[in-house]
Amino acid sequence: MLKLPNLSKKSIQKAENTNSKSLDSLLAISLGSYHLGCVMGTVEEGKIQIIGHGQTTIDSDDMISNLDKEEILQKIIEIIEKAKSTSQYNTNKVIFGVPAKFLYSKTSTVRIKRKDPNKKITKDEVDEISKKIIQKAMQEVEEKSNNVGGLELLNSDTTFAKIDGYITKDLKGFRGSTVEISTFMSFVEKKTLDNILQMAKKLKLKIITVVPSIYTTNKLLSFQELNNYLLVNVGGKSTTTAVIFAGEINIISYFSLGYKSFVNYISKVAGVTESEVIEAIKENVINEKINQSKNKIVNLWADSFKNSLGFIDSIKVYPEQILVYGLGSNLIENTEISDKLSQLKFKDVPTVKSLKISDLTNIVDHTQSIKSTSLIDSIGLLNFGFKIINDG
Amino acid sequence: MAKVIRIGKTYELGDVLADIEMSGESDITLQISSDSKFLENTKDLQVVRTYAESLQKTLKVENTERFEKVGFVAGADISQDDVVAPKPVIKPSKKSSIPKMKLKLPKVRSFVFIIVAFLLLIAGIAGYSVLAKNVPKATVTLTVSPEIFTGTKEVNAKEDPGDNDVKLYKTTTEITESKKAIPTGEKEVGDKATGEIEVLNKSGDDVKINSGTEVTINFNGEDLVFLTNEKATVDKKTEEDVTNSKGETVKADVYGKKKIEIIASKPGEKYNLSNNDINSSDISLDINKDKISAELSSSTSGGTSKTVTVVSEKDLTDLKESLQTEIEKKAKDKLEAQTSNKSQLLDGSFDYKTVSADYSAKVDEEASEVTLTSTVEVTAYYLDGEEIKSKLSDEIEKLVPENYKVSEGADNISVSTSVKDIVTDNLGNIQSVVVSVKVEAFVIPNIDKEKIANDIKGLSKTDAEKTISKINNIKKAEFVQKPAGVFTNTLPKRADNITIEIKSEKL
């Protein structure tokens, strides 16, 4: 069992013997079509303490529809056991993250003329407006997606709020005549949510919530000084981009290219085994043969990245800071993609920066073994899960 | 020769891309098996298309479901549409299994009769076969459900358009509307109390007191303000001879006195004061206090009050805003009615100019209701939908995906507009409008009628329906066969006796 440097035995004992909320532990699992990640953590002195983690790969294009399959259940059990194996903590509480492929995201902005401008805005008034925004958005998304089984709201967040043009985070207590609220919402098909709930029931896990993975990752970065940026998760089989303005997600977009596609392509075109490609990528020792095919697939990635942003009508000028993370991010990290993006409008020359675990200031990795950024989504989920617990 | 790449139930995009890269052919055919999720999510196809385009290769996508049905495996060369399922060949047995029988031959007349009857039977069977093959005809009506493909394009609209612009049309109307509201203001009204004070001048100079000078009387801790109701001069003090208690004549100061009428500053009963309750120290005048003092020489009386409803400033503002909202809606309806139904009124281009606004009551006026009658001149700009369609015909063409066509019918392409930016001159007059045009085209797949007729010839209606149901976007198939009541169990065996008609389902 791994020694936990900063968590005293007393703390651990206390966690086992009391129901102290601050010492509760939590599991966070991000579900992907190729990659499953799990971290286990607790909170001490206001910081998230990671006390275990596990990750694995699966090969299922429609993983969420197959959550009842023995093979996938076994994989989930494996990563949970792995995450639990490095500490004395034990919990069945879990937060799940859903990848963008299974989401319908929408940002709605409404402007409302208030009947009585002299009356202070109350929580009830804000709640009522939010309720109407969500209902309308859900209806629009349902119509657009031709979804027959119905949708469920996963999360909603105010991107910005204005009262008579004055921007504020919280409208409550203001007086004024015109309210403008922009809300980002994510919906998921009911059957997707049902599949996750059924899987949790089978594994005797207690779900605290299910949220979009990249949404919680962005919340993790809200501690930083960044305001406007593109957050890009180069995942197992797809790449997800969240466009962030003023720290809040404005829109999520994704396309089908990720780590596994890179590996298979390079292996086949360069005529080397997949293991050799994986090793070369991991060690960053890339020979000429692999480099040529790597450049080709990364070029396609950049084209697809540009196309995925080009489809977004609502954004005219993109933030130039591009933050990449995820299983395939180290292939993108040192790639010059500015030329590829020249057809899109940026305020300045776009720059690509790879997120590092050390960039996450509110996180302490007691295992000292998280090296790659493939677990960032799970860490984001963990952070968000504790926020929910602490907010009651 | 095209390179055929099979995409099955489990596939990896990297493998597909590598196969395209390594293929020497410039034409690539992707064969998608029926159990593959590849076509369910357009994201994979987008990436593959992007890659094929970058390599300048032509990509063709085939759903192999229909071929699988007739026994083919995706990945084989199935580029010929007229392939049919291989049928087992039944070779005739060299040795007949029919036992030899000895025939007892009839007499010659009977024999001729039997021969003729046999020939007639043969001819009948042959005739029936020919008729069954050639006479029955069928009309199969396929109801196709259109899909919507959407695109947006920004265009510049001007009243005097250039080659790349669309024409911006101006339209004007005048709206007169009235609206009532219940006033919410309150005001105290009534009579003001009046009385009299006597002012004493202790100085050696005359003191002049103007009408309207404030006289504050403190009663029970509350300062009640009165105003002098007349202009007055209080004479200076004088020295007069007076006799003291000892009987001596001495000089003494006699203060100047003047009675002045006062009136309360506001109506109300509380201003009715008895002079017995008020001392000189309770009264102060808003002039040199060292020189004068005053007494309430007669009680104040006659003060009354009541609260009445009056029109407030906010009532009028709210009424104006509320009426403006109604006028805006009516103006939009009216302008929409007076422009063609193909026109696109531009939301951000509305301009409202108030010609007159008459309120039935003013601010602070007592009233049980207030009415605003307003006449507003409304100007707006609009675009001609048909002109946009014509201008953007190339863009619309690009919207229609491969193997699809725009569904027949008048309203199968719709355009809607929203204003992105308005360019004005120094006076605020609109010069041009940047408009985002959203085009929606209802498209249906290009259906190969000849192939369908071939696929369903000779099949039972049930089997034909099954075959047809595999084709994307076909919702329903209806069969009408002729002659009625004869040969109706199966469809005609000749494909050219089957007429396929396509009907588009209304959205």
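Author: Happy to! One term before we start: an axis here is a line fitted to the C-alpha atoms of a helix over the stretch in contact, and angles run from 0 to 180 degrees between N-to-C directions. Please also keep in mind that this is a predicted model.

Reader: Good to know. At what angle do helix H8 and helix H9 of chain B pack?

Author: Helix H8 (residues 449–456) of chain B and helix H9 (residues 461–469) of chain B pack at about 140 degrees, and their axes are 9 Å apart. Angles over 145 degrees would count as roughly antiparallel, so H8(B) and H9(B) are oblique to each other. The crossing of H8(B) past H9(B) is right-handed.

Reader: Which residues make that contact?

Author: From H8(B) they are B:Ile452, B:Asp455 and B:Ile456, and from H9(B) they are B:Ala464, B:Thr467 and B:Ile468. Sorted by class, the contact of H8(B) with H9(B) has four nonpolar residues, one polar and one charged.

Reader: Let's hop to chain A. How do H6 and H8 of chain A cross?

Author: Helix H6 (residues 259–270) of chain A and helix H8 (residues 288–310) of chain A cross at roughly 135 degrees, and their axes come within 9 Å. H6(A) and H8(A) are therefore oblique to each other. H6(A) passes H8(A) in a right-handed crossing.

Reader: And which residues meet there?

Author: On the H6(A) side you'll find A:Phe262, A:Tyr265, A:Ile266, A:Val269 and A:Ala270. Among their partners in H8(A) are A:Ile290, A:Ile297 and A:Trp301, along with A:Lys289, A:Lys294 and A:Lys296. The contact of H6(A) with H8(A) counts eight nonpolar, one polar and three charged residues.

Reader: What about H5 and H10 of chain A, at what angle do they pack?

Author: Helix H5 (residues 213–221) of chain A packs with helix H10 (residues 376–391) of chain A at an angle of about 70 degrees, with the axes 7 Å apart. That angle makes H5(A) roughly perpendicular to H10(A). The residues of this contact of H5(A) with H10(A) divide into seven nonpolar, five polar and two charged. Among those that meet are A:Tyr215 and A:Leu220 in H5(A) and A:Leu381 and A:Phe384 in H10(A).

Reader: Now the interface. How many residues of chain A are in contact with chain B?

Author: 26 residues of chain A are in contact with 25 residues of chain B. The two chains bury about 2,100 Å² between them, with 54% of it on carbon and sulfur atoms. A:Ser256, A:Lys268 and A:Leu300 supply 25% of the area that chain A buries against chain B, more than any other three residues.

Reader: Last one: where is the pLDDT below 50 in chain A?

Author: Chain A averages a pLDDT of 83, and 90% of its residues score at least 70, but over residues 1–23 of chain A the pLDDT is below 50. Chain B has a mean pLDDT of 80, and its residues 69–106 stay under 50. The model scores ipTM 0.80 and pTM 0.51.

Notes: Residues are numbered from 1 along each chain as its sequence is written. Chains are lettered from A and ligands numbered from 1 in the order in which they are written. This is a predicted model: local features need pLDDT of at least 70, side-chain atom pairs count only at pLDDT 80 or more; totals for chains, interfaces and linings use all residues. Side-chain values use heavy atoms; hydrogens and water are left out. Helices (H or I, at least four residues) and strands (E, at least two) are DSSP runs, numbered from the N terminus. Angles under 35 degrees count as roughly parallel, over 145 as roughly antiparallel, 65 to 115 as roughly perpendicular and the rest as oblique. A crossing is left-handed if the near helix is turned anticlockwise from the far one by less than a right angle, and right-handed if clockwise. Contact means heavy atoms within 4.5 Å. Ala, Val, Leu, Ile, Met, Phe, Trp, Tyr, Cys and Pro count as nonpolar, Asp, Glu, Lys and Arg as charged, and the others, Gly among them, as polar. pLDDT is the predictor's confidence in each residue, from 0 to 100. Buried area is the accessible area (1.4 Å probe) that two parts lose on being put together, summed over both.
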